[in-house]
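Here are a few notes to go with the model, for anyone opening it for the first time. Have a look at it, then read on.

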Amino acid sequence: MQPQGHPRRRRRSNLGSFEANSALDAPLQRAEERERALLALLQADPSDRRAAIESVTEALAVLVRAERTSVWRFTPERDAIVCENTFLLEELRHLSGQTIRAADCPRYLAALERTLVLRVDDALNHSDTEELHAEYLVPLGIGAMMDVPIWNSGRLWGVLCCEHVGGPRTWTRHDEETACKLASHIALSLQASERAAAEARWQVVIDAIPELVAEIDADGRWIKANAAAKRALAEETDMVVGGRFTGLELKDLAGRVLDASEWPGERARHGASVRSELIEMRSLRTERRRWFRVSAAPVIVGGAIASAVVTCADVTDEVHLEHLKRDLLAALAHELRTPTTIVKGHAQHLLRGEGLAADVASAVSTVERAADRLARLTGDLVDVSAITLGRIILSCELFDLGALLASHLARASESKDGHRFISGVIASAPALVYADRLRTDQVIARLIDNAKRFSPPDSPIEVALAVKPDHVLVSVRDEGIGIPSDKQPHVFEAFFRAHVGTPYDVGGLGIGLFLAREVLARHGGAIWFESVEGRGSTFTLRLPLARAAP
Amino acid sequence: MTQSILVVEDDADLRALVVMMLSPLGLDIKTAANGAEALTSIRGSHPDLVLLDMKMPVMDGWRFAEALRETDAAPPPIVVMTAAESPAQRATEIGADGWLAKPFDVEDLLRCVRRHMPAEDSTPRDVSALPRGSGSRCP
């Protein structure tokens with residue numbers, strides 16, 4: 001147990017200020033001296049654990065006039081204490097690395113665990129320290145020692161020890177208080193260093209995230225960022241940590257420049273949660289534009305918003321690909337529309353003429369229907385693309401939804417596919433809505449078409465309308481095959497087809513209900529359904545009633 | 001006097017189809033394959049209505065509409081025939097009077113032309129008093 005420590009170069013010392021006052025003995029002056037020493041310790045960075053411990057052992061040695069002062073910590077197994085630092089006042093040097101094992105000194109370690117302060121005035125003749133005689137006290141000439149506890153997170157972490165070289169010594173209340181105060185300082189340092197270590201570990205984690213992560217304080221200043229965010233901001237802007245977000249222009253999917261108050265971080269700073277919004281950022285310095293999928297959330301501490309965290313995933317390549325897809329779809333649709341018009345137009349022209357043989361007329365009708373299908377298909381594809389990129393344009397007008405529904409019912413009843421159409425249109429007043437008439441018409445047509453496609457030819461289809469105080473509901477009910485419950489959550493997803501690969505697979509792209517939901521959402525409306533497999537489905541849409549002519 | 005219409009469309013098949021579809025109306029129908037041809041045609045004979053495709057080689061619908069307004073004090077009304085995602089937006093862009101989305105029906109076309117063809121005794125319009133982009137959907 002002979003200390004195996006190694007001398008270490010002293011990095012810094014508070015001794016200068018204490019030594020000048022070493023002649024002071026009056027209790028008041030000694031108390032002042034202690035307070036000054038504590039103040040000096042508090043000015044240092046507490047997260048530097050080694051430096052804090054060295055400062056404490058130095059200060060303690062001077063303040064209690066002890067030749068040896070040291071800090072010992074328990075091993076995780078609590079079967080030994082290990083010396084973190086010993087300060088030798090005479091030699092002005094630090095040692096470390098000694099170990100005292102519970103196996104060698106069980107009573108001493110038990111006493112440390114048991115006793116609040118182990119104050120031993122005559123170490124050679126005290127039962128708690130006699131195990132230390134041969135290996136420690138005698139070789140080092142220690143006659144008295146005092147151990148005060150160092151607590152960390154509610155647990156005895158170790159002890160701060162004063163050792164007097166020579167004969168017995170009576171430790172005073174001042175000595176004990178001084179040691180306890182300095183032990184508290186070590187406890188503070190332990191917490192600070194653990195916090196700093198945890199933060200450093202967390203920084204490593206967030207630095208490993210390829211997305212940009214930044215924290216904005218309550219005043220809108222950028223206070224923390226991961227490596228990706230720091231790199232991007234340094235490349236694109238003149239921003240510095242602690243500064244405000246500047247040098248960027250943000251646009252939404254529709255190409256609208258966002259006001260600073262609409263930036264995700266700002267919204268989160270005021271309590272909103274932003275989830276996965278596509279935003280284009282333009283650097284005013286480099287003129288580079290990039291697309292990000294941005295999320296933001298407020299950080300709430302003690303019930304108040306302390307800051308906001310913003311994450312940005314660079315999706316520039318994906319958006320460019322999406323643009324390419326949209327452009328391709330748009331070009332395809334554009335190019336298809338002209339020949340479709342020609343096919344359809346000629347078919348119609350022929351059908352309007354007289355003297356067409358029955359089989360030819362039938363064939364030409366088929367051509368016309370095929371052209372209609374082609375037209376719908378291209379229109380749907382363009383709409384899907386436009387919606388995905390948030391570029392759908394609504395041409396709203398004021399119209400009576402009841403009248404629109406009635407025209408659908410009239411057309412449906414005329415069709416010869418065998419379905420029995422039941423009108424549930426109950427409207428004492430016009431159901432006036434301010435909406436894109438063409439798209440609303442398409443939504444209703446799709447719901448009726450789906451009901452027809454997925455129900456037996458002789459079954460009823462009920463189309464109902466209900467006018468509520470501020471909205472109107474349209475429902476289409478069929479007694480068809482219904483939707484399997486495991487497929488129901490996906491019904492409104494683009495390109496999802498509930499009956500693909502089943503005997504009820506009637507083809508299609510699986511975008512009708514996706515378009516319906518998106519179109520209605522853009523009108524402030526909604527669509528939902530109830531369905532039981534084997535019994536049928538009811539789809540209901542809601543549109544707000546027009547309050548007044550716009 | 002027979003009313004006249006100018007069909008501006010680069011696709012020859014569609015141009016021929018539109019002419020055929022319009023035949024029951026008994027109009028004097030002229031055609032042009034692009035904006036430049038249309039401007040030349042208008043200088044020779046002022047139509048009562050222009051049916052205008054937008055995407056065309058040589059001179060597209062936008063440049064044609066702009067040139068027409070610059071050179072013609074009383075330009076004829078324009079109905080845009082377009083395959084664009086948003087036909088209404090196209091009409092607004094050039095201040096057209098109406099729009100027809102491709103693909104269109106015979107009936108759509110006839111209704112649209114009837115609606116936008118000025119009455120036979122009407123005087124030429126002073127376009128400066130008209131709101132720009134007041135296009136309406138046909139039918």
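1. A word on terms before we start: helices here are DSSP runs of H or I with at least four residues, strands are E runs of at least two, and both are numbered from the N terminus. Keep in mind that this is a predicted model.

2. Let's take chain B by itself. What order do its elements follow from the N terminus on? They go β-α-β-α-β-α-β-α-β-α-β, which comes to five helices and six strands.

3. Of the 139 residues in chain B, 53% are buried. If you take contacts in chain B between residues at least 6 apart in sequence, 67% of them join residues at least 24 apart. The accessible surface of chain B is about 6,100 Å², with 50% of it belonging to carbon and sulfur atoms.

4. Now for the partner. Chain B puts 21 residues in contact with 24 residues of chain A. Between them the two chains bury about 2,000 Å², and 61% of that is on carbon and sulfur atoms.

5. How many salt bridges link chain B and chain A? The count is two. One to look up is B:Asp105 with A:Lys344, where the closest N and O atoms are 2.8 Å apart.

6. On the side of chain B that touches chain A, helices H1 (12-22), H4 (87-94) and H5 (106-116) of chain B each supply at least two residues. H1(B) gives the most, with five residues. By class, that side has 11 nonpolar, eight charged and two polar residues.

Notes. Residues are numbered from 1 along each chain as its sequence is written. Chains are lettered from A and ligands numbered from 1 in the order in which they are written. This is a predicted model: local features need pLDDT of at least 70, side-chain atom pairs count only at pLDDT 80 or more; totals for chains, interfaces and linings use all residues. Side-chain values use heavy atoms; hydrogens and water are left out. Contact means heavy atoms within 4.5 Å. Buried area is the accessible area (1.4 Å probe) that two parts lose on being put together, summed over both. A salt bridge is a side-chain nitrogen of Lys or Arg within 4 Å of a carboxyl oxygen of Asp or Glu. Ala, Val, Leu, Ile, Met, Phe, Trp, Tyr, Cys and Pro count as nonpolar, Asp, Glu, Lys and Arg as charged, and the others, Gly among them, as polar. Buried means under 20% relative accessible area, exposed over 50%, partly exposed in between (1.4 Å probe, protein chains only). Accessible areas come from the Shrake-Rupley method with a 1.4 Å probe; for residues, only the protein chains shown count as cover.
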